[in-house]
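Thanks for making the time this morning; I would like to walk through one model with you, going from local detail to the overall picture and then to the charged pairs. Please keep the structure open while I talk.

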Amino acid sequence: MTPSTSSAITLNINGEKYTLPVDHRTTLLDALRERLDLTGSKKGCDQGQCGACTVLLDGRRAVSCLQLAVAAEGRVITTIEGVADGEQLHPVQQAFLDLDGFQCGYCTPGQICSAIAVIEEHAAGWPSAATDDVRPGAGVPALGAEEIRERMSGNLCRCGAYVSIVQAVAQAAEAAASQDKEAVA
């Protein structure tokens with residue numbers, strides 16, 4: 001008997017559960033775009049190099065073109081369609097609008113999802129390749145332009161909006177840090 005190459009899976013996307021039959025070789029990106037009509041995540045290179053398809057899996061960024069849909073079952077998936085709170089934009093989305101962190105907009109969904117994770121990773125004290133002092137007691141490094149560029153380096157923008165993207169990430173990170181301080185006080 002030949003084993004089946006497809007299964008019915010349930011994906012938790014943006015707080016909703018979707019059950020669908022998929023071929024085991026279907027990528028998460030293709031399931032999102034072609035099966036669930038969630039077209040915010042873009043197919044750029046289809047090789048994990050451009051970041052246009054970046055989504056959040058359990059809060060961590062992932063290029064959905066390299067993630068199999070069956071491997072995402074049981075995980076919390078957040079796409080660009082799910083980052084806003086109703087009509088209230090996520091602070092990263094608002095910063096991209098305020099500072100013109102996009103031009104054609106093709107890479108923007110992946111950039112925004114990646115930036116959300118970058119800000120959380122930084123706040124948690126995770127070092128990057130640009131972090132000068134990675135010793136455990138060194139504390140959280142400043143989130144300057146070099147640090148943002150390094151952390152966002154997996155997301156390409158063919159229009160060259162990098163200066164505005166870096167500014168938008170910095171503004172959103174500053175807003176998140178202010179909210180955290182207010183919540184503690």
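This is a predicted model: local features need pLDDT of at least 70, side-chain atom pairs count only at pLDDT 80 or more; totals for chains, interfaces and linings use all residues.

Let me begin just after helix 2, where aspartate 100 takes a positive phi of about 55°.

Helix 2 itself covers residues 91-98, and its buried residues are Val92, Gln93, Ala95 and Phe96. Seen down the axis of helix 2, these buried residues fall within an arc of 160°, so they line one face of the helix.

Helix 1 is followed by aspartate 37, which has a positive phi, near 60°.

Now to the chain as a whole. Its secondary structure comes to five helices and five strands, and from the N terminus on the elements run β-β-α-β-β-β-α-α-α-α. For a chain of 185 residues, a compact globule would have a radius of gyration near 16 Å, and the value for this chain, 17 Å, agrees with that. The C-alpha trace spans about 60 × 40 × 30 Å along its principal axes, and 41% of the 185 residues count as buried. If we take the contacts between residues at least 6 apart in sequence, 53% of them join residues at least 24 apart.

In what order do the five strands lie in the open sheet? The order is 2-1-5-3-4, and the pairing is mixed. Strand 2 and strand 4 stand at the edges, each with a single partner strand, so one side of each is left without a neighbour in the sheet. On average, and ignoring direction, neighbouring strands of this sheet are turned by 40° against each other.

Looking at the individual pairings, strand 1, residues 6-13, and strand 2, residues 16-23, run antiparallel and are joined by eight bridges. These two strands form a hairpin with two residues between them, and asparagine 14 in the turn has a positive phi of about 50°. Strand 1 and strand 5 run parallel, with two bridges joining them. Further along the sheet, strand 3 and strand 4 run antiparallel and are joined by four bridges, with leucine 57 standing opposite arginine 60 in strand 4. Helix 3, residues 108-123, lies across strand 3, strand 4 and strand 5, and runs at about 40° to strand 3.

That brings me to the charged pairs. How many salt bridges does a search of the whole structure find? The search finds seven, and I will describe three of them.

One is between the side chains of lysine 43 and aspartate 30, at 2.8 Å from N to O. This pair links distant parts of the chain, 13 residues apart, with lysine 43 in the loop between helix 1 and strand 3, and aspartate 30 in helix 1. Lysine 43 counts as partly exposed, at 30% relative accessibility, whereas aspartate 30 is buried, with a relative accessible area of 18%.

Another is formed by arginine 75 and aspartate 58, with the closest N and O atoms 3.0 Å apart. Arginine 75 lies in the loop between strand 4 and strand 5, and aspartate 58 in the loop between strand 3 and strand 4, so the pair ties together parts that are 17 residues apart in sequence. Arginine 75 is partly exposed at 27% relative accessibility, and aspartate 58 is partly exposed too, with a relative accessible area of 44%.

In the last pair I will show, arginine 135 meets aspartate 133, their closest N and O atoms being 2.5 Å apart. Arginine 135 is exposed, with a relative accessible area of 58%, while aspartate 133, at 29%, counts as partly exposed. Finally, salt bridges that share partners join Asp30, Lys43 and Asp46 into one network.

Notes. Residues are numbered from 1 along each chain as its sequence is written. Side-chain values use heavy atoms; hydrogens and water are left out. A salt bridge is a side-chain nitrogen of Lys or Arg within 4 Å of a carboxyl oxygen of Asp or Glu. Buried means under 20% relative accessible area, exposed over 50%, partly exposed in between (1.4 Å probe, protein chains only). Two strands pair if DSSP finds at least two bridges between them. The arc is that of the directions from the helix axis to the C-beta atoms. Axes are lines fitted to C-alpha atoms, for helices over the stretch in contact, and angles run from 0 to 180 degrees between N-to-C directions. Contact means heavy atoms within 4.5 Å. The radius of gyration is taken over C-alpha atoms; the globule rule is 2.2 Å times the number of residues to the power 0.38.
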